[in-house]
Amino acid sequence: MGKLVICDHPLIQHKLTFIRDKNTITKDFRELVGEVATLMAYEITREAPLEHTTIETPVAEMESAVLSGRMIGLVPILRAGLGMVDGILQLIPSAKVGHIGLYRNEETLQPVEYYINLPTDAQERMLIVIDPMLATGGSANAALSALKKRGCTHLKLMVLIAAPEGVEAVRSAHPDVDLYVAALDERLNEHGYIVPGLGDAGDRLFGTK
C-alpha cells in the first residue's frame with residue numbers, strides 16, 4: 001500500500017490558514033499556494049535516490065551527492081493544478097511538465113479526459129500528479145489511470161486539501177501510489193465541496209467566479 005503523508009510542517013500549516021481565509025485576495029492566494037507547493041516538494045522528494053560524484057571545493061577534492069536514477073516530471077490536472085507548478089519548479093527547476101485536462105460528464109458525473117500532453121520520456125520519470133483539492137477522488141483516479149495506461153509506473157499524488165472520501169477512493173483504486181497532502185479535512189458536503197476546505201481552488205487562483 002502506498003504511503004499517506006500529511007505534510008504538517010508549521011510553515012505549511014501557517015500558510016494554509018491564509019489560503020483557506022475567504023478574505024485572502026487572488027494575488028496573495030496564488031503566491032501562498034506556490035509557497036506551500038515548494039514546501040511540499042521538499043517532503044515528496046525526501047526519498048529521491050542519490051549517487052556520488054567527485055568535485056573540487058576551493059580547498060580540496062571530495063566525493064559529494066547528486067540526484068540519480070529517475071528524474072522528476074510534474075503533471076498538473078487542469079486548471080487548478082497549474083497554480084502549484086511554479087512553486088515546485090522553484091525547488092526542482094530541471095523537472096519536465098506535462099498536463100492532463102479532465103471535465104465531468106454531466107450525465108454520468110464521471111471525469112472525461114479531453115487533453116493529455118506528457119514529456120517524451122515520461123515512462124522513465126517519477127511523475128508527481130498535482131491538484132490543490134482531493135474531494136471525491138474522481139479526477140485524481142482518472143489522471144493516474146491515464147498515466148498508467150501510457151506506461152508510467154512511478155507515480156505520486158500531491159494535493160493541498162483532501163477529504164477522507166477522496167483519500168479512500170484513491171488508495172482503493174491506486175494502492176501503489178504515495179499520497180501527499182497538506183491537510184486532511186472533515187468531509188464532503190452535499191455539493192461535493194470539502195468542509196471546511198477553501199472553496200473552489202481554480203476560481204480563487206485565477207480570479208473567476
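1. Start with helix H1 (residues 10-20), whose buried residues are Ile 12, Lys 15, Leu 16 and Ile 19; buried here means under 20% relative accessible area, exposed over 50% and partly exposed in between, with a 1.4 Å probe and protein chains only. Looking down the H1 axis, these buried residues fall within an arc of 110°, so they line one face of the helix. The arc is taken over the directions from the helix axis to the C-beta atoms. Their cover includes H2, S10, S11 and helix H6 (201-206), where contact means heavy atoms within 4.5 Å. Helices (H or I, at least four residues) and strands (E, at least two) are DSSP runs, numbered from the N terminus.

2. A word on provenance: this is a predicted model, in which local features need pLDDT of at least 70 and side-chain atom pairs count only at pLDDT 80 or more, while totals for chains, interfaces and linings use all residues. Residues are numbered from 1 along each chain as its sequence is written, and side-chain values use heavy atoms, with hydrogens and water left out.

3. Now the H1 partner. H1 packs with helix H2 (residues 26-44) at an angle of about 155°, with the axes 10 Å apart. That makes H1 roughly antiparallel to H2. For the geometry, axes are lines fitted to C-alpha atoms, for helices over the stretch in contact, and angles run from 0 to 180 degrees between N-to-C directions; under 35 degrees counts as roughly parallel, over 145 as roughly antiparallel, 65 to 115 as roughly perpendicular, and the rest as oblique. On the H1 side the contact includes Leu 11 and Phe 18, and on the H2 side Phe 29 and Leu 39 are among the residues involved. By class, there are 10 nonpolar, no polar and 2 charged residues. The classes are: Ala, Val, Leu, Ile, Met, Phe, Trp, Tyr, Cys and Pro nonpolar; Asp, Glu, Lys and Arg charged; the others, Gly among them, polar.

4. H2 also packs with helix H3 (residues 82-91), at an angle of about 50° and with axes 7 Å apart. H2 and H3 are therefore oblique to each other. From H2, the residues Val 33, Gly 34, Ala 37, Thr 38, Ala 41 and Tyr 42 meet Gly 83, Met 84, Gly 87, Ile 88, Gln 90 and Leu 91 of H3. This contact divides into 7 nonpolar, 5 polar and no charged residues.

5. Over to H5 (residues 164-173), where Gly 166, Val 167 and Val 170 are buried. Seen down the H5 axis, the buried residues fall within an arc of 100°, so they line one face of the helix. On the other side of H5, Glu 168 and Ser 172 are exposed. The buried residues pack against strands S1 (4-6), S9 (133-134), S10 (155-162) and S11 (178-184), and against helix H4 (138-149).

6. On the H4 and H5 pair: the axes come within 9 Å and cross at roughly 20°, and the two helices are therefore roughly parallel to each other. Ala 140, Asn 141 and Leu 144 of H4 meet Ala 169, Val 170 and Ala 173 of H5.

7. Lys 156 is buried, with a relative accessible area of 7%. Leaving aside neighbours within four places in sequence, its contacts include Ile 44, Met 126, Ile 128, Asp 178 and Tyr 180.
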